[in-house]
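Please keep the structure open while going through them.

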Amino acid sequence: EGVRAPATRAYRALLLFTAAVLAGSLRPAVVAAVEPQAIGRLGFASVSSFAYSPTNDLLAVSASAVSGLYEVRILDATTGTPVFMIPAAYRNPAFSWDGKTVASGVFDGAQTYIALWDTELGRETARFTGDAHALAFSPDGSVLASSLRGITLWNIAAREETAVLIGHNSSSSLAFSPDGRILASGDDTVK
C-alpha cells in the first residue's frame, strides 16, 4: 500500500492542482491584457481544430469543405500558403514530435481510417483501420494513440495495433508526457 504507481501520483497531482485552481489559491502574479494581432484570413468556412508542428513551420487546419465533409489543410505557418491537403480528413490532426508526419482521421464516404502523411513529400505513407476523435504521437514517434471507444495504441514501424486501453470512452483529447511513459486522455474526466 505504501507504493503508488506513477499514474496514480500524476492523477493525484492533477486533482490537487485542479482543486487549487478552482479554489482560487493559484493565480498568476501579473495578468496582462494583450490584443491579438491577425496575420491574415485563411477563408475557411468552419474550423473544427488545428495543430502547430513542433518545428513551428506548419499548421494543420481541420475545416469544412465545399462537399460538406471536412478536410485537413497543411499550411505554411508564417504565410498561410497551402502546402498540401488531406481530403475527407477530419478531427484533431496531430504532428509527430519531429514534425515529419501528420496524422488525421479520414472518412472517404465508404470507410473510416487513420492516415499518416509525410509533411515534406505531401503524400500518405500509412493507414490504420479505425476511427479517431483524438490522436497523439509518443515523443519518440514510435507510437500513435487514437481514441474512439477506448484508446488504441499503434506501432508506427510495424503498422499494427499493439494495445487497446479500455475505460476511456470517446476521449476528445490525448497527450503523452514528455518522457512518453504517461498518456493522458480526456472526455468528461482526465485519466
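1. Strands E1 and E2 make a hairpin with 5 residues between them, and in the turn Asn56 has a positive phi of about 65 degrees. Strands here (E, at least two residues), like helices (H or I, at least four), are DSSP runs numbered from the N terminus. The model is a predicted one, in which local features need pLDDT of at least 70 and side-chain atom pairs count only at pLDDT 80 or more, while totals for chains, interfaces and linings use all residues. Residues are numbered from 1 along each chain as its sequence is written, and side-chain values use heavy atoms, with hydrogens and water left out.

2. Strand E1 (residues 47-52) runs antiparallel to E2 and is joined to E2 by 5 bridges; two strands pair if DSSP finds at least two bridges between them. Within this pairing, Ser49 has Ser62 of E2 as its bridge partner. E2 also pairs with strand E3 (residues 70-76), again in the antiparallel sense, over 7 bridges, and there the bridge partner of Val61 is Arg73 in E3.

3. Is strand E2 (residues 58-64) mostly covered or mostly open? Strand E2 is mostly covered, since 7 of its 7 residues are buried, where buried means under 20% relative accessible area, exposed means over 50%, and partly exposed lies in between (1.4 Å probe, protein chains only). In a regular strand the side chains alternate between the two faces of the sheet. In E2 both faces are covered, with Leu58, Ala60, Ser62 and Ser64 buried on one side and Leu59, Val61 and Ala63 buried on the other.

4. The count of aromatic pairs comes to 2, under the rule that rings of Phe, Tyr and Trp (its six-membered ring) pair if their centres lie within 6.5 Å, with planes under 30 degrees apart called stacked, over 60 edge-to-face and the rest tilted. The rings of Phe84 and Trp117 are stacked, because their centres are 5.6 Å apart and their planes lie at 15 degrees. This pair links distant parts of the chain, Phe84 in strand E4 (residues 82-86) and Trp117 in strand E7 (residues 112-118), 33 residues apart. Phe84 is buried at a relative accessible area of 11%, and Trp117 counts as buried at 10%.

5. The rings of Phe128 and Trp154 have centres 4.8 Å apart and planes at 35 degrees, so this pair is tilted. The pair also links distant parts of the chain, with Phe128 in strand E8 (residues 123-129) and Trp154 in strand E10 (residues 143-155), 26 residues apart. Both Phe128 and Trp154 are buried.
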